[in-house]
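Work through the following exercises with the sequence and the model side by side, and try each task before reading its solution.

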Amino acid sequence: MKAIQVRYFGPTNNRGSRFKAFVAGGASVTIPYHYGASTDDNARMAADALMNKLCWGFDISGAGSLPNGDYVFTLAA
């Protein structure tokens with residue numbers, strides 16, 4: 001089973017809000033916050049972007065949150 005963790009980063013003086021999706025192997029992708037979508041949808045878009053980058057043909061089978069506020073998505077073949 002594989003999992004993708006997604007973390008929200010708030011705006012700074014130089015960058016807008018964004019989401020970073022990453023996996024245990026170190027691969028990651030960062031996408032800007034899409035204000036027309038919900039926070040949950042933004043997190044899922046970040047997970048989808050990472051799956052596309054890694055050419056993974058998995059489906060998201062589950063979603064949840066961690067105590068630190070990060071999202072986690074589990075993947076099934």
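**Exercise 1.** In which sense do S4 and strand S5 (residues 71-76) pair, and over how many bridges?

The model is a predicted one, in which local features need pLDDT of at least 70, side-chain atom pairs count only at pLDDT 80 or more, and totals for chains, interfaces and linings use all residues. Residues are numbered from 1 along each chain as its sequence is written, and side-chain values use heavy atoms, with hydrogens and water left out.

Begin with the terms: strands (E, at least two residues) and helices (H or I, at least four) are DSSP runs numbered from the N terminus, and two strands pair if DSSP finds at least two bridges between them. S4 and S5 pair in the antiparallel sense, over 6 bridges.

**Exercise 2.** Trace the order of the strands across the open sheet.

The sheet has 5 strands in the order S3-S2-S1-S5-S4, with antiparallel pairing. Its edges are strand S3 (28-32) and strand S4 (59-65), each of which pairs on one side only. Further in, S1 and S5 pair over 5 bridges, with Leu75 in S5 as the bridge partner of Lys2. S1 and S2 also pair over 5 bridges, and Phe9 stands opposite Arg18 in S2.
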